[in-house]
Amino acid sequence: MRWRILLLLLFVTGVGCEGISQATAIAEKESYCARLYSKILSLRYSDPDSAAIYSNRFEKELKLLITSQPATFYYQFPKLVDNNFCFIQTSPDKNLKIYSWDTWLDSARHVFRTIYQWRHKGVTYSKLLPVKSDIAGFCSAIYNVFISGKSYYLVVTNAVFSGKHGAQTITAYTINNNRLQNEAAIFHTNG
């Protein structure tokens with residue numbers, strides 16, 4: 001009987017340590033990403049070519065961290081968020097999380113990149129969506145609506161151009177099986 005209790009104690013301790021070490025590894029990678037982003041900000045005006053190198057490296061490292069570590073879905077990324085290096089929004093139902101950051105690759109306007117992360121049936125998926133237009137913005141809000149028993153996500157995106165100019169869009173997403181789709185036809189217009 002004692003060996004069973006000891007075995008159970010070792011198992012619980014091992015699982016707890018694994019979770020702690022995983023969170024520590026994510027925090028260390030976040031610190032590395034924060035250092036990369038600091039370099040972008042320090043070089044963006046004085047040495048734009050070097051800033052572009054750090055920008056690409058930041059994107060690669062953040063994408064790798066999020067896509068390879070499903071536990072990042074629950075991690076808050078305090079260093080990136082508190083320093084305004086990255087904007088992170090989570091849907092009210094906690095099934096969609098969006099990361100956005102300014103690349104600082106364009107001196108005339110802000111160009112944001114975005115990683116979408118979502119959960120479906122307990123599995124976490126993520127994807128860096130390609131920029132499909134010259135308007136690349138950051139996600140400022142996610143609203144969750146239910147229509148005919150299905151969950152839809154209304155994602156508000158803000159583009160920042162030079163000076164006072166900007167744009168705001170709203171896109172409807174839905175999770176079908178394990179795919180995040182933005183072809184959700186919930187807006188009815190004449191065009």
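**Chain overview**

Guide: Among contacts in the chain (heavy atoms within 4.5 Å) between residues at least 6 apart in sequence, 44% join residues at least 24 apart. This is a predicted model: local features need pLDDT of at least 70, side-chain atom pairs count only at pLDDT 80 or more, and totals for chains, interfaces and linings use all residues. Residues are numbered from 1 along each chain as its sequence is written, and side-chain values use heavy atoms, with hydrogens and water left out.

Visitor: How many helices and strands does the chain have?

Guide: Three helices and eight strands. Helices (H or I, at least four residues) and strands (E, at least two) are DSSP runs, numbered from the N terminus. The order from the N terminus is α-α-α-β-β-β-β-β-β-β-β.

Visitor: What share of the residues counts as buried?

Guide: 35% of the 191 residues. Buried means under 20% relative accessible area, with a 1.4 Å probe and protein chains only. The accessible surface of the chain (Shrake-Rupley, 1.4 Å probe) is about 11,700 Å², and 56% of that belongs to carbon and sulfur atoms.

Visitor: Now H2. What span should it have, and how far apart are its ends?

Guide: Helix H2 covers residues 48-68, 21 residues. At 1.5 Å a residue it should span 30 Å, and its end C-alpha atoms are 30 Å apart, which agrees. The expected span is 1.5 Å times one less than the number of residues.

Visitor: Which residues of H2 are buried?

Guide: Ala-51, Ser-55, Phe-58, Glu-59, Glu-61, Leu-62, Leu-65 and Ile-66.

Visitor: How many bridges link S7 and S8?

Guide: Three, in the antiparallel sense; S7 is residues 166-176. Asn-176 has Arg-179 in S8 as its bridge partner.

Visitor: Last one: Ser-91. Where is it, and is it buried or exposed?

Guide: Ser-91 sits in the loop between strand S1 (87-90) and strand S2 (96-102). Ser-91 counts as buried because its relative accessibility is 0%.

Visitor: What does its side chain pair with?

Guide: A polar contact of 2.6 Å joins the side chains of Ser-91 and Asp-93. A polar contact is a pair of N or O atoms within 3.5 Å; within protein, one must be able to donate a hydrogen and the other to accept it, and residues adjacent in sequence count only if both atoms are side-chain atoms. The backbone nitrogen of Asn-95 is 3.2 Å from a polar atom of the Ser-91 side chain. Not counting residues up to four places away in sequence, Ser-91 touches Leu-96, Ile-142 and Tyr-153.

Technical notes. Buried < 20%, exposed > 50% of the residue type's maximum accessible area, 1.4 Å probe, protein only. Pairing = 2+ DSSP bridges.
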